[in-house]
Structures are given as C-alpha cells and as structure tokens.
Amino acid sequence: MGLGKQIRASYIGIKESIPPYLDPTLSIKELMTGVSFASAGSGFDPLTPKVSNVIGIPKQLENFKEYKKRLESAIGTKNTENHINKALFIVSAGTNDFVINYFTLPIRRKIYSLSDYQQFILQKATQFLQDLFEQGARRILFSSLPPMGCLPVVITMFSKHAISERGCLDNYSSVGRQFNQLLQNELNLMQFRLANHGVRIYLTDSYVALSDMIQGQGRPEFDEVSLGCCETGYLETALLCNPKSFLCPDASKYVFWDSIHPTEQVYNNVFKSLRPIIDAIIRD
C-alpha cells in the first residue's frame with residue numbers, strides 16, 4: 001500500500017500528481033514541487049527489494065541526495081536547505097516486509113521470531129527517519145501498517161478454507177497493530193529528541209480507516225471487501241493486473257483493486273480521514 005496515493009497533491013495546491021524522480025524529463029520546477037522516490041514492492045528489510053527486484057530504501061536515499069545536489073546547482077545551497085526544511089516527506093513501507101518476506105518466505109522466519117522481526121523492521125524504519133532528518137527533513141508523515149489479515153492475498157494464502165471463508169485473519173492483522181504501537185512509541189521519542197530542531201513527525205492511522213471500511217462501520221459502502229476487482233481477486237497483483245486483465249464492473253464498490261492494493265475510492269476515503277493531520281502539517 002502506498003500512502004502517496006492517499007494524499008492528493010492538489011489538496012495542498014501544488015499539482016495534480018507526484019511524478020517519479022527517475023523520470024529523466026523532469027524540469028527543475030517539477031523537482032521543486034515534489035517527486036516520488038518510492039519503488040513498489042520495496043521495504044525496510046534489505047531482503048525485501050531483492051525478492052521483488054525493486055529499488056531498496058538505501059538506494060532511494062541516495063537518489064534523494066542526488067536530488068538535493070541538482071537543486072543546489074539550480075537554486076543554491078541555502079535555498080535548497082530552506083526548501084527541504086519546509087517540504088513534507090511521506091514514508092510508506094513495511095507491509096511487504098511482513099506479508100511477503102516473513103509470512104510467505106521461510107528465510108527470515110528461520111532467523112527471527114515474530115517479535116524479533118518486528119524489532120528489526122522498527123530499527124530499520126527509525127534509522128531511515130534519522131537519515132532523512134540528517135538530510136534536512138523536518139516534516140515527516142509515516143504511514144501505519146494496514147490490517148494485513150484483511151488483504152485478499154493473505155486470506156487466500158493462509159485461510160483454512162480460502163474460497164468459502166473470506167473473513168479477516170486477526171492473527172495477521174494483530175501483527176500490524178502491535179507494530180504500529182511500537183512505531184508510535186518510537187516516533188514519540190524521536191519527536192521529543194528532535195523537537196528543538198523543528199521536527200514534526202506524524203503517524204497516520206490508516207489501519208483503523210481501512211478496517212472500518214472493510215467492516216462496514218458507519219454505513220456499508222462497499223459490496224465486496226475480501227476480493228480484488230482485478231481478475232479473480234484472490235492472488236493477482238503487479239503484472240497479473242494489466243490493461244488486458246478482466247475487471248469487475250464497478251471498482252468503486254470494491255475495497256481492493258487487486259489482492260493487495262485498495263481501490264481509488266478507498267484511498268480517497270483514507271485521505272479524507274487523514275485531513276486533520278494534513279491540515280496540521282500545512283499550518284505548522
């Protein structure tokens with residue numbers, strides 16, 4: 001799940017969408033008004049991007065350092081420093097570490113207990129935030145883990161009766177709840193330690209927002225909450241969902257677009273739930 005889709009750049013008056021930094025055609029204006037360094041399928045665990053053959057977080061950080069040098073060449077060192085200090089940094093990772101790298105593959109489970117792996121990911125996440133701070137980041141929005149036991153792919157792989165019983169698996173979701181609490185505690189400590197530097201760190205509660213939509217809290221807005229709109233909805237994601245794939249008639253009635261990622265309607269709802277946090281960051 002990518003938090004970048006949950007936050008509309010147009011809401012804060014910048015531009016309609018955030019382009020990838022690696023787009024070679026980007027102008028300095030595009031660079032200054034926001035770019036994405038993310039790589040789908042990556043994670044805090046160094047093994048996760050290797051499994052998916054995507055860009056790891058250390059390389060993403062190196063790309064950010066290169067980005068800073070490009071800005072310095074265009075607008076000068078001091079202006080770049082001020083620009084970075086005022087920017088909003090959005091960090092969304094961790095789901096693939098647990099769903100793919102720990103629950104599904106055996107390598108990490110042979111090395112770490114579940115609680116040890118949570119601590120391992122927590123250490124990697126907080127180190128990344130420290131690295132961002134040292135590069136000038138002062139406003140950081142961190143996305144919490146989703147209810148992983150409600151992801152269609154997790155239900156399909158780990159439910160005893162995956163076809164007939166499509167309810168959420170709380171033992172997997174509870175891992176996310178536990179990690180989110182550990183992360184919140186760590187972020188509070190970082191916030192306290194770095195407050196004199198003007199640092200503001202926020203953790204979104206996208207876990208609750210997504211859970212409420214799946215459980216139909218408030219009003220039942222979605223017809224399908226345990227299958228993706230793409231193809232069978234059980235396992236398909238990435239290349240298995242492409243322009244030639246069979247799709248459901250109305251994606252707005254589905255919580256999930258594929259077996260992992262929510263639909264645009266759900267992202268929009270999550271964005272609305274995060275507006276108080278976003279407004280606070282903008283005012284800060």
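Keep in mind that the model is predicted.

Let's begin with helix H7, which covers residues 114-134. Just after H7 comes glycine 136, with a positive phi of about 110°.

Which residues of H7 are buried? They are Tyr117, Gln118, Phe120, Ile121, Leu122, Ala125, Thr126, Phe128, Leu129, Gln130, Leu132 and Phe133.

Zoom in on one residue of H7, threonine 126. Its relative accessibility is 13%, and because buried means under 20%, threonine 126 counts as buried. Apart from neighbours within four places in sequence, threonine 126 is in contact with Glu186 and Met190.

Of the 10 residues of H5, 8 are buried, so the helix is largely enclosed by the rest of the structure. Those buried residues are Thr95, Asn96, Asp97, Phe98, Val99, Asn101, Tyr102 and Phe103. They pack against helix H2 (47-52), H6, H7, helix H8 (152-158) and H9. Threonine 95, which sits in H5, has a relative accessibility of 7% and therefore counts as buried. Skip the residues up to four places away in sequence, and threonine 95 touches Ile100, Leu145, Pro146, Met148 and Leu151.

Now for the rings. A pair of aromatic rings is described by the distance of the centres and the angle of the planes. The whole structure holds 19 aromatic pairs. Tyrosine 21 and tyrosine 67 make one that is edge-to-face, with 6.0 Å from centre to centre and 80° between the planes. Why does this pair tie together parts that are 46 residues apart in sequence? Because tyrosine 21 lies in the segment before helix H1 (28-32), while tyrosine 67 lies in helix H3. Both tyrosine 21 and tyrosine 67 are buried.

Phenylalanine 103 and tyrosine 172 give another pair: their ring centres are 4.8 Å apart and their planes stand at 80°, so this one is edge-to-face too. Phenylalanine 103 belongs to helix H5 and tyrosine 172 to helix H9, so the pair ties together parts that are 69 residues apart in sequence. Phenylalanine 103 and tyrosine 172 are both buried. These two rings also belong to a cluster that ring pairs build from Phe98, Tyr102, Phe103, Tyr112, Tyr117, Phe120, Phe158, Tyr172 and Phe179.

How do the helices cross? Take H3 and helix H4 (residues 77-86), whose axes are 7 Å apart and pack at an angle of about 130°. H3 and H4 are therefore oblique to each other, and H3 passes H4 in a right-handed crossing. On the H3 side, the contact is made by Phe64, Tyr67, Lys68, Leu71, Glu72 and Ile75; on the H4 side, by Thr77, Asn79, Thr80, His83 and Ile84. So Tyr67 turns up in this contact as well as in the ring pair with tyrosine 21.

Ser206, Ala209, Leu210 and Met213 of H10 meet Val266, Asn269, Val270 and Ser273 of H11.

To finish, step out to a loop. Is alanine 38 buried or exposed? With a relative accessible area of 61%, alanine 38 is exposed, and its place is the loop between H1 and H2. Alanine 38 and valine 255 are 217 residues apart along the chain, and 23 Å separates their C-alpha atoms.

Conventions. Residues numbered from 1 in each chain as written. Predicted model: local features only at pLDDT ≥ 70, side-chain atom pairs only at ≥ 80, totals over all residues. Heavy atoms only, no water. Helix = DSSP H or I, 4+ residues; strand = E, 2+ residues; numbered from the N terminus. Expected span 1.5 Å × (residues − 1). Buried < 20%, exposed > 50% of the residue type's maximum accessible area, 1.4 Å probe, protein only. Phe/Tyr/Trp six-rings, centres within 6.5 Å; stacked < 30°, edge-to-face > 60°. Contact = heavy atoms within 4.5 Å. Axes fitted to C-alpha atoms, helices over the stretch in contact; angles between N-to-C directions. Parallel < 35°, antiparallel > 145°, perpendicular 65-115°, else oblique. Left-handed = near helix turned anticlockwise from the far one by under 90°.
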